[in-house]
Amino acid sequence: MTVTPLAARPSLRPEPAFRGRIGPDARSGHYAVPGRYRLHLSTTCPDGLRIAVTHGLLGLDTVCPMTGLPAVPDCPDGGHSALRPLYEASAHRYPGPAVAPVLSDDWSGRIVSTHAPDIMRDLARRFGGGGPSLYPCGAEPEIEAVERMCARGIEEAAQHAGSAGGEQAERDTALGTLLETLDALEHRLVGRTYLIRDEITAADVELWVALVQLDTVHRDHLDASAVRRIAGHQTLWAYARRLAAHPAFGGHLDLDGIERRHHARCQGLEAAGAAVQILDWAAHSSP
């Protein structure tokens with residue numbers, strides 16, 4: 001199946017502070033040793049949820065332990081005080097916020113990476129031999145295209161469409177982009193269980209988390225008419241509901257935490273769409 005990428009445009013996601021990789025052997029510096037690395041994340045953060053789902057699918061609880069962080073960061077700059085020692089050990093007098101997610105090296109006490117896509121790929125490729133093939137051979141271009149569609153066509157488009165500032169025409173254009181993206185994904189899922197292969201891949205992790213954010217965060221700032229048009233993609237939401245029943249997906253879904261994090265950070269206005277629930281995530285999520 002061919003997935004057409006969106007045209008390139010600037011991303012709202014900040015650049016990662018650290019972007020090391022886990023290599024295949026000792027010459028790589030950071031190489032795969034069970035128990036050497038640790039994840040620090042909050043599943044109320046989209047990137048943290050993506051990594052947690054990947055971690056759960058691969059069954060890495062003992063291979064790469066995961067330390068949970070509070071739903072709402074406890075520092076005024078949006079960082080976590082628990083991560084500050086790691087940041088300062090990794091970069092002397094590090095000036096920025098100590099944000100999650102983080103992949104750290106317990107041997108050195110330093111950060112390997114804060115870049116979620118790299119972390120997900122390294123978990124799958126270096127430690128995921130016994131789990132599903134989340135990045136199957138030849139699928140990387142399709143997975144990258146889905147990542148861009150989710151980041152720009154869903155998450156960023158929904159954020160712009162529900163923005164309290166800006167011109168109405170700009171919000172309408174963003175809503176159009178969002179609906180076009182959902183249309184394309186709906187079409188691709190007709191008659192299929194998963195997005196790009198006959199089994200779960202990283203593309204499904206990306207899309208599922210984007211849909212969670214769309215319904216639990218961005219919906220609050222859209223009008224009721226827009227949310228009903230979004231909810232009209234019945235195949236897409238049935239797919240989201242099926243994945244929520246999988247323990248690696250729904251088992252990491254902290255709905256109360258997502259709401260608290262959103263309200264702690266949000267500066268927008270609640271719109272009528274807040275009253276139009278698309279999925280009852282709690283009912284469909286596996287414990």
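**Exercise 1. Determine which helix gives the most residues to the lining of the second largest pocket, and describe that lining.**

Helix 10 gives the most, with 5 residues, where helices (H or I, at least four residues) and strands (E, at least two) are DSSP runs numbered from the N terminus. The structure is a predicted model, in which local features need pLDDT of at least 70 and side-chain atom pairs count only at pLDDT 80 or more, while totals for chains, interfaces and linings use all residues. Residues are numbered from 1 along each chain as its sequence is written, and side-chain values use heavy atoms, with hydrogens and water left out.

The next step is the lining as a whole, which consists of 15 residues, with Asp215, Thr216, Arg219, Leu255 and Glu259 nearest the centre of the pocket. Two or more lining residues come from each of helix 6, helix 10 (255-265) and helix 11 (281-284). Sorted by class, the lining has 6 nonpolar, 3 polar and 6 charged residues; Ala, Val, Leu, Ile, Met, Phe, Trp, Tyr, Cys and Pro count as nonpolar, Asp, Glu, Lys and Arg as charged, and the others, Gly among them, as polar.

A pocket here is an open set of points on a 1 Å grid over the protein atoms alone where a 1.4 Å probe fits, with protein on both sides within 12 Å along at least five of seven lines, and lining residues have an atom within 4 Å of a point.

**Exercise 2. Characterise the packing of helix 1 against helix 6 and against helix 3.**

For the pair of helix 1 (residues 46-58) and helix 6 (residues 202-216), the angle is about 140 degrees and the axes are 10 Å apart. Axes are lines fitted to C-alpha atoms, for helices over the stretch in contact, and angles run from 0 to 180 degrees between N-to-C directions. Helix 1 and helix 6 are therefore oblique to each other, given that angles under 35 degrees count as roughly parallel, over 145 as roughly antiparallel, 65 to 115 as roughly perpendicular and the rest as oblique. Among the contact residues are Leu49 and Val53 of helix 1 and Trp208 and Val209 of helix 6, contact meaning heavy atoms within 4.5 Å. This contact comprises 8 nonpolar, 2 polar and 2 charged residues.

Helix 1 and helix 3 (residues 116-127) pack at about 5 degrees, again with axes 10 Å apart, and helix 1 is therefore roughly parallel to helix 3. Here Asp47, Arg50, Ile51, Thr54 and Leu58 in helix 1 meet Ala116, Ile119, Met120, Leu123 and Ala124 in helix 3.

**Exercise 3. Classify the crossing of helix 5 and helix 8.**

The axes of helix 5 (residues 168-189) and helix 8 (residues 234-244) come within 8 Å and cross at roughly 70 degrees, which makes helix 5 roughly perpendicular to helix 8. Leu182, Leu185, Glu186 and Leu189 in helix 5 meet Gln234, Thr235, Leu236 and Tyr239 in helix 8.
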